[in-house]
Amino acid sequence: MKSLRLTVSSLFLALASATALADATLLNASYDVARDVYKDYNPLFQKYWKAKTGESLELKQSHAGSTKQVRAVADGLEADVVTMNQANDVEFLADKGLVAKDWAKKFPNNASPYTSAMVFIVRKGNPKALKDWGDLAAAGVQVIIPHPKNTGNGRNTYLSAWAWALRQPGGNDAKAQEFVGKLLKNAPLFAAGGRDATTTFMQRRLGDVLITFESEAEMIAKEFGKGEFEVIHPSLTMQTEFPVAVVDKVVDKKGTRKQATAYLEYLWSKEGQENAAQNYLRPRDPELLKKYAAFFPPVKTFTVDEVFGGAHKAFVTHFKDGGSFDQIYVAK
Amino acid sequence: MSHNKLTRATQEPAWVRATLLAVGLGFLFFFLGMPLLAVFVEALAQGLPVYLEALKDPETRSAIWLTVVIALAVLPFNILFGVAAAWVIAKFDFRGKSLLITLIDLPFAVSPVVAGLIFILLFGAQGYFGPWLAANEYKVIFAVPGMIIATLFITFPFIARELIPLMQSQGKDEEEAAISLGASGWQMFWRVTLPNIKWGLLYGVILSNARAMGEFGAVSVVSGHIRGETNTLPLHVEILYNEYNAIGAFAAASVLALLALVTLVAKTIVEWRMRKETDMLNAELPGEKTQ
């Protein structure tokens, strides 16, 4: 019994001492597929910061679903910075007073250092010739998307299709709703999340088209092989943003504001932007976008702000209880 | 009459026996064997070197380590609580006893995710004790202590549930004899009670240990998912899978499966020892058998 207690307490000591070596520690709470981007970015920033200030930083990562992460931060997860994939989630922290109300103006480009676009993944050779949103609503096409009401992927898809329909000749909200309704009828199921949708499409081989982030297509290639599918860029699609913010409440308590701010600012540096590009996220830097044009074909995009008047308004109009999604779904 | 029935039950036609056997084994294979096999097949899909490389990942190592630490940390508390609760329930009569038994079963009834949320409500930044904990620099939620507490909540019924029927069936005669022969309370516990329940206790320990290592829901809510720090194996498997790192995910899952298999073997040995001991006792007391 005594020796057991000894073992347990020495285990704890070992665990605690492992984190005590750096001058400062930052925790970056991020969405669940952000690992590759920041795994490569962190050493870049550590080197830069060491050269500039002589400080060695320890950088920790926390990954889970975006919404779950901001809940955790609100409940006391001491993240110095959040790097998310939905503005709504950072907005939630702003509402709770953990992040500045004007967080989107603290950094350039709406505080989103890189972007992605919603694209179609179709089977090799594109047997159903799916080129644009209109084709997805045709009879006999099966569309795989995560649930539009409660996943980022699903919402982006829904809004992309809506915006496309609005911009068609004679397009208006009523026609857009009718079109999105037709498209949703082609979904045999709603997957629980992005990863789930991919498994459904790639492994269970259900459906003709999967709609997901351009950046995720490369991750799918990593697991399932490049020859298995093709990426189609529709004529208009949503530019998805990846907003970042310093968590004021945490950095003020820990005294890490300087480091945390620099950590996020450096995402806009040449090195930071190039790292994003290498991880298949569209850099803001136009020169780099050109350099990596093979990954990033020019595509006509819209932002949620332009078409829907902001992420919050889009959420209330379309995905809140009784919103357009519920109306379509009840009708179905 | 009863003898007749017994022999007939074992003399079912061969096809009945074969069918039952096939159904039983088939079910086992599809719902246990195949998934277990699939874990190892997927983990080894790109060969042994890739598999070993995946296990060398420092974050995976740390997840294995943390899983073991948490399982060990909850053990003394579970033993203490389990023995105390079983003791009180089996050996004494008091008001509210059935209420206590019901409360012990509460973690079985509550969904693990809800259990995790309860601790967020208690210790989270906006919880009852959150502000006090933050002011005093204690980290509970989104740190190892919170994960230990959540695991404790999920696993504490196992030992008590295992011991209560055992201790009830043993009755209190031996303890009363020890006391009347002049033993002190502690002497009675160490020399009479503990030897009587040791295999049952060990069995309970193994069950709660298996649950502690495999727990996902409750721990996921209070973990904060900090890589290399608060990710246990089940959490680490999920995040690797979400990152399209199938090899890494299944390699980590295979470690978890191996831990489970070790537990299973330990459980079988304990069961075997328990049976042997009961047989020996029965053989020593032939007179009692006919009572």
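Asn28(A) stands opposite Val81(A) in β3(A), and three bridges join strand β1 (residues 24–30) of chain A to strand β3 (residues 81–83) of chain A, the two running parallel. This is a predicted model, in which local features need pLDDT of at least 70, side-chain atom pairs count only at pLDDT 80 or more, and totals for chains, interfaces and linings use all residues. Residues are numbered from 1 along each chain as its sequence is written, while chains are lettered from A and ligands numbered from 1 in the order in which they are written.

**Sheet of chain A**
- The open sheet has four strands in the order β2-β1-β3-β10 (chain A) with mixed pairing, where two strands pair if DSSP finds at least two bridges between them, and strands (E, at least two residues) and helices (H or I, at least four) are DSSP runs numbered from the N terminus.
- β2 (57–63) and β10 (244–246) of chain A stand at the edges with a single partner strand each, so one side of each is left without a neighbour in the sheet.

**Helix pair in chain A**
- Helix α3 (residues 66–74) and helix α4 (residues 87–95) of chain A pack at an angle of about 15° with their axes 9 Å apart, the axes being lines fitted to C-alpha atoms, for helices over the stretch in contact, and angles running from 0 to 180 degrees between N-to-C directions.
- α3(A) and α4(A) are therefore roughly parallel to each other (angles under 35 degrees count as roughly parallel).

**Contact between chains**
- The contact takes 24 residues from chain B and 24 residues from chain A, residues being in contact if their C-beta atoms, placed from the backbone, lie within 7 Å.
- α4(B) gives the largest share of the side of chain B that touches chain A, four residues.

Notes:
Angles under 35 degrees count as roughly parallel, over 145 as roughly antiparallel, 65 to 115 as roughly perpendicular and the rest as oblique. Two residues are in contact if their C-beta atoms, placed from the backbone, lie within 7 Å.
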